[in-house]
Amino acid sequence: MPHDHHDHDHDDPHALLPPDPALRVRALETLLARKGLIEPAALDEIIDTYQNRIGPRNGAQVVARAWADPEFRAALLQDATPVVADLGFFGRQGEHVIAVENTATQHNMVVCTLCSCYPWPLLGIPPAWYKSDAYRSRAVREPRKVLAEFGVTLPDETAVRVWDSTAEVRYLVIPRRPEGTEGMGVDDLARLVTRDSMVGTGLARSPGA
Amino acid sequence: MTRVHDMGGRFGDGPINPGAPDDPVFEQDWHARALAVTLAAGALGQWNLDMSRHARERLAPKDYAGFSYFEKWTAALANLLVETGVLSADDLRGQGDESRPALADRALKAENVAAAFATGGPTDRPFDGVPAFAPGQRVRTLRPAANRLVDGGHTRLPAYAAGAVGAVLRCHGAHVLPDAHAHGLGEAPEPLYTVVFPAGELWAAPENPRDEVTLDLWQSYLEPA
């Protein structure tokens, strides 16, 4: 069997860059831009996309509609990819989407133990905790202790199912609809849906909270 | 057999800092630049997503453990740029030339960012065979968890799930096999399954016997149980 030849490279090229992280990035950016390999305006466009346009409000719209519309919910649970695409949420890091629904007997929680896979079109760029060694290492082995650190305690009767995102399938958790929300419209419901509730490390907010 | 990134189940990492809902998307300005430079450089088409994941994973363990998240991205990007010949070691030393390479014709333009990201990179592929496993069927994962094509190569079977018995939850059709694709060995698509494992199958002291872990696993990672 061939060996991974990169392991024979003992002098990693990255060590040739300045050690300070901000200076390293600037050095690469400058080099690539001078050669015409990246366009600075494209970088600004990428940053603006993920800083201001794509974030957890997208996923919250999906969850609120699932709460409000039984047909939408059924279609979402059957095959989420085309359903969320119809709302305009598709593309990079959201090519294949599955929605998993929390119930009284099952709580779902998402992690990527090997890297940081996350449904970008629905939730944006993952928060620091999702990418941390502590979350990646512990979420699969002791999800209840992890949940407690997020302020969530589940009864023993509720099974926890942790989804380790090891392929290009991205998972969206549909949290339980809070009590006292009967008759609320989709936009008001969406305000109760937190980012963490769609990863499964939180619950949706109550209307009075 | 495994690498430092394969940390699922590891002990000793301490508590999680959940942050706050209104934390900025990018904690530091350079985090945003690191993301953007990485994505724009990726658009040059000189490597695929599996190669870029593997480039992060094969950072030296001391670097992987010592670098923050976007430092890992930046270091892996620098390595890929040199390995693929897009930049030279002299370029990184600040001693390169500034001539414009032909590859610059493929540079991502601002007006094409939205379209490029909307397309993304779907990994499902046509498959005319019959998947070997059906939902409900019991399967066992390979042990050890390792790339079977390239020793020390990229794989998406975590070590904590090696040799474990679970049940197929669903089949996603055929997807590009990272173990081949990360090493320039083609897409080699094969059926991908979500497999559910009881926590007690994976951990010596599961928190609750009802709890489960699911993983998305390619057909060649599995055998009938």
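How many of the 209 residues of chain A count as buried? The share is 57%. The views below come from a predicted model, and each legend visits one part of it.

**View 1. Meet chain A.** Eleven helices and four strands make up the secondary structure of chain A. Along the principal axes, the C-alpha atoms of this chain fill a box of roughly 60 × 40 × 35 Å. Among contacts in chain A with a separation of 6 or more, 67% link residues 24 or more positions apart.

**View 2. Where chain B touches chain A.** Here 106 residues of chain B are in contact with 86 residues of chain A. Together the two chains bury about 8,500 Å², with 60% of that area on carbon and sulfur atoms. Look for I16(B), R33(B) and E207(B): these residues supply 9% of the area that chain B buries against chain A, more than any other three residues.

**View 3. Polar links across the interface.** Between chain B and chain A there are 45 residue pairs in polar contact. Helix 4 of chain B, residues 69-83, gives the largest share of the side that touches chain A, with twelve residues. By class, that side of chain B has 56 nonpolar, 23 polar and 27 charged residues.

**View 4. Strands that meet between chains.** Strand 3 of chain A (residues 159-164) pairs with strand 5 of chain B (residues 212-218) in the parallel sense, over four bridges.

**View 5. A salt bridge between D4(A) and R3(B).** The side chains of D4(A) and R3(B) meet at 3.4 Å, N to O. D4(A) lies in the segment before helix 1 (21-34) of chain A and R3(B) in the segment before helix 1 (29-42) of chain B, so the pair joins two chains. Both residues are buried.

**View 6. A salt bridge between R53(B) and E168(A).** The closest N and O atoms of this pair are 2.7 Å apart. R53(B) has a relative accessible area of 5%, so R53(B) is buried. E168(A) is buried too, at 6%.

**View 7. A salt bridge within chain B.** D105(B) and R100(B) meet through their side chains at 3.3 Å, N to O. D105(B) is exposed, with a relative accessible area of 59%, and R100(B) is exposed at 54%.

Definitions and conventions: Residues are numbered from 1 along each chain as its sequence is written. Chains are lettered from A and ligands numbered from 1 in the order in which they are written. This is a predicted model: local features need pLDDT of at least 70, side-chain atom pairs count only at pLDDT 80 or more; totals for chains, interfaces and linings use all residues. Side-chain values use heavy atoms; hydrogens and water are left out. Contact means heavy atoms within 4.5 Å. Buried area is the accessible area (1.4 Å probe) that two parts lose on being put together, summed over both. A polar contact is a pair of N or O atoms within 3.5 Å; within protein, one must be able to donate a hydrogen and the other to accept it, and residues adjacent in sequence count only if both atoms are side-chain atoms. Ala, Val, Leu, Ile, Met, Phe, Trp, Tyr, Cys and Pro count as nonpolar, Asp, Glu, Lys and Arg as charged, and the others, Gly among them, as polar. Two strands pair if DSSP finds at least two bridges between them. Buried means under 20% relative accessible area, exposed over 50%, partly exposed in between (1.4 Å probe, protein chains only). A salt bridge is a side-chain nitrogen of Lys or Arg within 4 Å of a carboxyl oxygen of Asp or Glu.
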